[in-house]
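Reader: I am new to this structure and would like to know what stands behind the words used for it. Could you take me through them?

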Amino acid sequence: MEKIIVKGGKVLKGTVKVEGAKNAVLPVIAASILPSKGTSVIHDVPVLADVFTINEVLRNLNADVEFADNTVKVDATKRMLTEAPFEYVRQMRASVLVLGPLLSRYGHAKVAMPGGCAIGSRPIDLHLKGFEAMGAEIHVGNGFVEARSNGRLKGAKIYLDMPSVGATENILMAATLAEGQTIIENCAKEPEIVDLANFLNKMGANIVGAGTETIRIEGVEELHGTEHNVIPDRIEAGTFMVAAAITGGDVFVKNAMSEHLRPVIAKLREMGVTVYEKENGIHVIGTKELKSTDIKTLPYPGFPTDMQSQMMALMLCAEGTSVITETVFENRFMHVEEFRRMNAKIKIEGRSVIIEGPVKLQGAEVAATDLRAAAALILAGLVAENYTRVTELKHLDRGYVDFVEKLAALGADITRVDDEKEKVIKSISPSITTDSIAAELQ
Ligand SMILES: CC(=O)N[C@H]1[C@@H](OP(=O)(O)OP(=O)(O)OC[C@H]2O[C@@H](n3ccc(=O)[nH]c3=O)[C@H](O)[C@@H]2O)O[C@H](CO)[C@@H](O)[C@@H]1O
Ligand SMILES: C=C(OP(=O)(O)O)C(=O)O
């Protein structure tokens with residue numbers, strides 16, 4: 001079993017570069033099976049496990065997919081298959097994003113039903129209601145969801161009960177090749193939706209209103225391949241901003257877009273952190289006197305749930321009581337138990353947690369419970385006494401490129417090791433070696 005070992009106490013300094021956004025590139029790659037003509041070329045693609053998974057889903061549907069030098073090329077001009085098996089959906093829920101494009105182009109799609117996961121039950125009822133409103137028949141059974149339409153989907157007026165990111169993306173993609181106009185009301189406004197709409201419009205779609213709560217799509221008969229640069233990852237950027245803040249460091253987060261990070265910037269400033277918004281990134285300077293604050297996660301432009309656990313790590317180091325209320329997912333506090341192993345004082349009350357700070361965090365062996373929890377535990381390890389060992393790294397690898405290497409380049413004492421012998425597989429920080437770990441264990 002691989003582990004990341006981090007020794008607390010280093011102040012992070014320097015520049016770190018943010019990759020293309022995972023949550024933008026997954027729907028963009030799924031959308032690249034819509035065109036019946038030409039190749040789609042997608043740049044700034046992060047080298048992540050989730051990208052390999054979505055590429056594999058597309059290959060299994062009969063698309064030609066190449067991935068090299070942060071560029072994915074998709075040729076979906078051959079006749080596609082319309083069924084995506086459980087093997088992929090199990091690895092990555094975002095595999096359900098092929099439903100909309102397949103249904104729109106072929107009138108049929110069958111995808112394994114995603115189950116719940118560590119952060120909540122995560123149903124896809126809103127995606128399916130949208131397809132139904134456009135004339136599709138939905139059948140759920142034997143672990144699959146199957147959607148079928150008699151001819152082209154029909155444009156419809158669809159009101160989402162909540163602004164689901166995935167439902168907005170799936171319905172948006174389905175509507176591009178539908179007959180007539182589709183209006184999605186109360187839709188998600190995330191920057192990743194805007195990026196997807198821009199990509200689809202370059203393919204020949206007719207979409208207006210992405211980024212607002214109403215999107216209008218005029219269906220077209222055919223789409224063609226195009227070229228696209230994916231937006232920078234606001235959650236990776238936010239994670240490094242917290243890394244700078246928690247260590248009292250001085251870090252320039254290159255490519256971070258401040259207009260996508262308003263709530264994170266506001267909360268860091270409230271906590272006493274200095275944040276300079278620059279044209280090509282965000283400069284963060286920490287403080288020795290972090291102040292407590294409160295956060296409520298909400299759909300964009302509210303505070304992102306994907307930054308909740310990282311902010312919890314920071315609040316543990318702040319003077320006073322902080323409260324986090326999680327309104328997006330019903331079960332996204334699994335990391336609290338792991339923080340407690342590091343001496344955190346956190347109480348859970350329904351959908352809120354109450355954090356008493358500052359505490360002297362202690363190194364411990366902790367398990368990542370989801371992708372962002374993995375990052376948050378490493379952030380806590382950056383300031384904990386002694387060594388923190390983080391396991392279940394498959395979560396981290398879904399969403400962070402070279403996380404250990406990037407932190408080490410900023411001065412962290414961090415390394416990644418294999419199995420229980422802790423033989424160093426990447427000796428990143430000169431101060432952490434097999435010998436130093438063995439000495440500490442004696
Ligand atoms: C690949 C990707 O982009 N993932 C992001 C996406 O996930 P995802 O698209 O799955 O998140 P949604 O916005 O759909 O989910 C928000 C809430 O709506 C509920 N819901 C959703 C769909 C549905 O049909 N029925 C329903 O009840 C979910 O259970 C959840 O409680 O947005 C989340 C919220 O910002 C982020 O945390 C994820 O990182
Ligand atoms: C929850 C996340 O992703 P996913 O929706 O792919 O599980 C995330 O990126 O934090």
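Author: Gladly! Let us start with methionine 241, which counts as buried because 27 C-beta neighbours lie inside 10 Å of it. The cut-off for that word is 20 or more, so methionine 241, with 27, is called buried. Please keep in mind that this is a predicted model.

Reader: Where does methionine 241 lie?

Author: Methionine 241 belongs to helix 8, which covers residues 234-246.

Reader: What is methionine 241 in contact with, neighbours within four places in sequence left aside?

Author: Its partners are Val253, Val264, Leu268, Ile282 and Val284. To count as a contact, the C-beta atoms of two residues must lie within 7 Å.

Reader: Why are strand 2 and strand 15 said to pair?

Author: Pairing calls for at least two bridges. Strand 2 (residues 13-17) and strand 15 (residues 250-254) have five bridges in the parallel sense, so they pair. As an example of residues facing one another, threonine 15 is opposite phenylalanine 252 of strand 15.

Reader: How many bridges join strand 15 to strand 17, and do they run parallel or antiparallel?

Author: Strand 15 and strand 17 (residues 281-285) run antiparallel and are joined by five bridges. Here lysine 254 has glycine 281 of strand 17 opposite.

Reader: Why does ligand 1 lie between domain 1 and domain 2?

Author: Ligand 1 lies between them because domain 1 (3-19 + 232-441) and domain 2 (22-229) both give residues to its shell. There are 20 residues around ligand 1, and those that come nearest are Asn23, Leu126, Ser164, Val165 and Gly166. Helix 1 (22-31), helix 5 (125-133) and helix 6 (165-176) are the elements giving two or more residues to this shell. By class, the shell holds eleven nonpolar, six polar and three charged residues.

Reader: What about ligand 2: which residues are around it?

Author: Around ligand 2 are Asn23, Arg93, Ala94, Asp306, Leu371, Arg372 and Gly399. Sorted by class, they give two nonpolar, two polar and three charged residues. Domain 1 and domain 2 both contribute to this shell, so ligand 2 lies between them.

Reader: How do you know what confidence the predictor has in the model?

Author: The protein chain has a mean pLDDT of 94, on a scale from 0 to 100. The model scores are ipTM 0.99 and pTM 0.96.

Note on methods:
Residues numbered from 1 in each chain as written. Chains lettered and ligands numbered in written order. Predicted model: local features only at pLDDT ≥ 70, side-chain atom pairs only at ≥ 80, totals over all residues. Near = placed C-beta within 6 Å. Nonpolar A, V, L, I, M, F, W, Y, C, P; charged D, E, K, R; others polar. Domains from an automatic or database assignment. Helix = DSSP H or I, 4+ residues; strand = E, 2+ residues; numbered from the N terminus. Buried ≥ 20, exposed ≤ 12 C-beta atoms within 10 Å, placed from the backbone.
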